[in-house]
Amino acid sequence: MRIESELRGSSLRVYWYLLSKGEPVGVREVQRALGMSSPSTSLHHLEKLRALGLLSKDESGEYTLVNEVKVGVLRLFTRVGRLLVP
C-alpha cells in the first residue's frame, strides 16, 4: 500500500497534527507547531500528504484533512469527537 510506505517520519507527524487539530492549517502554523526548520519543509510534507489524497488545499492556502487512514501506530487510536484516544 503506497500510503503505508509514504506516511512515516515527519510526514506522519504532520498528518497526526492535522488529525488532532481538526481544522484547516497553514504552512507556517505547521512549521511552528512541529518545530520544523523552515516553511518549505512543512510545505513539502503538506504537499506530500495532498498528493497521497489525504489533504485538500483551499484558495487561501490552508490545508484540510479529507481522508483518514489507519497506518502504523495510528491503528492503535480511535477518534472520539476531536480527540484521539488509544
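A salt bridge is a side-chain nitrogen of Lys or Arg within 4 Å of a carboxyl oxygen of Asp or Glu.

## About this model

Welcome to this predicted model, where local features need pLDDT of at least 70 and side-chain atom pairs count only at pLDDT 80 or more, while totals for chains, interfaces and linings use all residues. Residues are numbered from 1 along each chain as its sequence is written, and side-chain values use heavy atoms, with hydrogens and water left out.

## Salt bridges

A search of the whole structure finds four salt bridges. In one of them, Lys 21 pairs with Glu 29, and their closest N and O atoms are 3.1 Å apart. Lys 21 is partly exposed, at a relative accessible area of 24% (partly exposed lies between buried, under 20% relative accessible area, and exposed, over 50%, using a 1.4 Å probe and protein chains only). Glu 29 is partly exposed too, at 23%.

Glu 47 meets Arg 50 in a salt bridge of 2.9 Å, N to O. Both residues lie in helix H4, three residues apart, which is about one turn of the helix. (Helices are DSSP runs of H or I with at least four residues, strands are runs of E with at least two, and both are numbered from the N terminus.) In general, an α-helix has 3.6 residues a turn, so residues three or four places apart point the same way. Glu 47 also meets Lys 57 in a salt bridge, at 4.0 Å from N to O. This pair links distant parts of the chain, with Lys 57 in strand S1 (residues 55-57) and Glu 47 in helix H4, ten residues apart. Lys 57 is partly exposed, with a relative accessible area of 40%.

## The nonpolar core

Now for the inside. A nonpolar core is a set of buried Ala, Val, Leu, Ile, Met, Phe, Trp, Tyr and Cys residues joined through side-chain atoms within 4.5 Å. The largest one here has 16 residues, and Val 14, Leu 18, Val 30, Leu 46 and Leu 49 touch the most other members. Helices H2 (9-21), H3 (27-34) and H4 (39-51) each give two or more residues to this core. H2 provides the largest share, five residues.

## A look at helix H2

Which residues are buried in H2? They are Ser 11, Val 14, Tyr 15, Tyr 17, Leu 18 and Leu 19. Leaving aside residues up to four places away in sequence, Leu 18 touches Val 25, Leu 46, Leu 49, Leu 55 and Tyr 63 (contact means heavy atoms within 4.5 Å). After H2 comes Gly 22, with a positive phi near 75°.
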